[in-house]
Amino acid sequence: MRIRIGFMGVTAGRRRMTLNQMLGRMRRYLGKRMKVTKMTHEPTRFLGLDWSPLNTPIQRRLETLGVIHYWLIFLFGCIGSFWIVVYLFYARYYITLIIFAIYVYLDRYTPERGGRSAMWFRRMPFFRWGCEYFPMKLHKTVDLDPTQSYLGGFHPHGIMAIGVFFQFGSEGTGFSQLFPGIYPHVLTLGGWFKFPLIRDYLMLAGICSVSRASIDYLLTQPGHMPIVAVGGARESLMSRPGEHKLYIHNRKGFIKRAIRTGASLLPIYSFGETGMFNQIDNPEGTRLKRFQEVAMKYIGFAPTFFYGRGIFQYTFGLLPLRVPINTVVGKPISTTRMADPTQEVIDSVHKKYVAGLVALFEENKTRFGIDKKTHLTLL
């Protein structure tokens, strides 16, 4: 009996084809339908969308996979952990739930005591792929003393805080080689550590709670560097390509923590961070902006309506755009230890920090393709 597979022109009576031959025929068929030339790496217009070419190198596919990995963790980490708990409850795996509950309770202080960072995990290949996707590069201004502690301020926050995670929550750009003896800890909301599984994933990457107790503990450990995205959720609402707006004038809590422990402040600016996504306009006074303000007040983060590109097409989607990201770690700003600093002292150190951050931007902006007439907008 002869069986014909029409779109490939193959019959059972012919000799067997290898897998590569089958994929080759399929590629040639789709290439004709979508008008893809043999070696082009330009997007293909089809059905109104710009599709990635079929012969895209496997390395670029892996880079996309690395970003998808972060995207899933960021958007579905807590939700996924929650539904696992719900499933275990309805499936009557009560013993497993009890074990989870006991573990989370007994381990509740670990996210505020430096976590449990593991270098083998921070060096996993999907972190490197994610950095190569843009690509990302980490730049050093001066060497850091491993006998001192530092409090890093990361700017700008961006839509999904992708830069701070990949640069300091992994070895994707070789942090430990640039700063030997320094142990970075990205700080995030404590709610992430209430859920099983995701809490351990974050701690393996060196991520800790952003609580006062956590910051104070890390700053008393020589060589450790907690890093906070200073602008937070409010700054994410201002994140758009070409924009350099920072929400910083009323952000002084991290300054106080540094003074109380005598740690040095470290301004960090990520050039290209705001270019990863486009965002729907939300000017002041609109219903959208009011909704975002209310949500930020009650749930701690701002629901942003953004778009980038897709997995196999470039027209729209929730993956970030491939734009170069260059993160520059500035010069330390020393502080004098005071157990109970006055507001005047806090304001003075805050002024020095802002001046150092502005200088960092001005000294490096033209190096990374920003017009010399462009300046930071501080809010």
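Student: How many bridges join E5 to strand E14?
Tutor: Five bridges join them, and the two strands run parallel. Strands here are DSSP runs of E with at least two residues, helices are runs of H or I with at least four, and both are numbered from the N terminus. Strands pair if DSSP finds at least two bridges between them. This is a predicted model, where local features need pLDDT of at least 70, side-chain atom pairs need 80 or more, and totals for chains, interfaces and linings use all residues. Residues count from 1 along each chain as its sequence is written, and side-chain values use heavy atoms, leaving out hydrogens and water.
Student: Which residue in E14 is the bridge partner of His 139?
Tutor: That is Val 328.
Student: And what is the strand order of the open sheet?
Tutor: The seven strands go E5-E14-E11-E6-E9-E7-E8, with mixed pairing. Strand E5 (136-140) and strand E8 (208-209) are the edges, each pairing on one side only.
Student: New topic: how many aromatic pairs are there?
Tutor: The structure has 25. Phe, Tyr and Trp rings (six-membered ring for Trp) pair with centres within 6.5 Å; planes under 30 degrees apart are stacked, over 60 edge-to-face, and the rest tilted. One of them is Tyr 70 with Phe 166, tilted, at 5.6 Å centre to centre and 50 degrees between the planes.
Student: What does that pair tie together?
Tutor: Tyr 70 is in helix H2 (residues 58-90) and Phe 166 in helix H6 (residues 162-168), so the pair ties together parts 96 residues apart in sequence.
Student: Is Phe 166 buried or exposed?
Tutor: Phe 166 is buried, at 0% relative accessible area. Buried means under 20%, exposed over 50%, and partly exposed in between, using a 1.4 Å probe and protein chains only.
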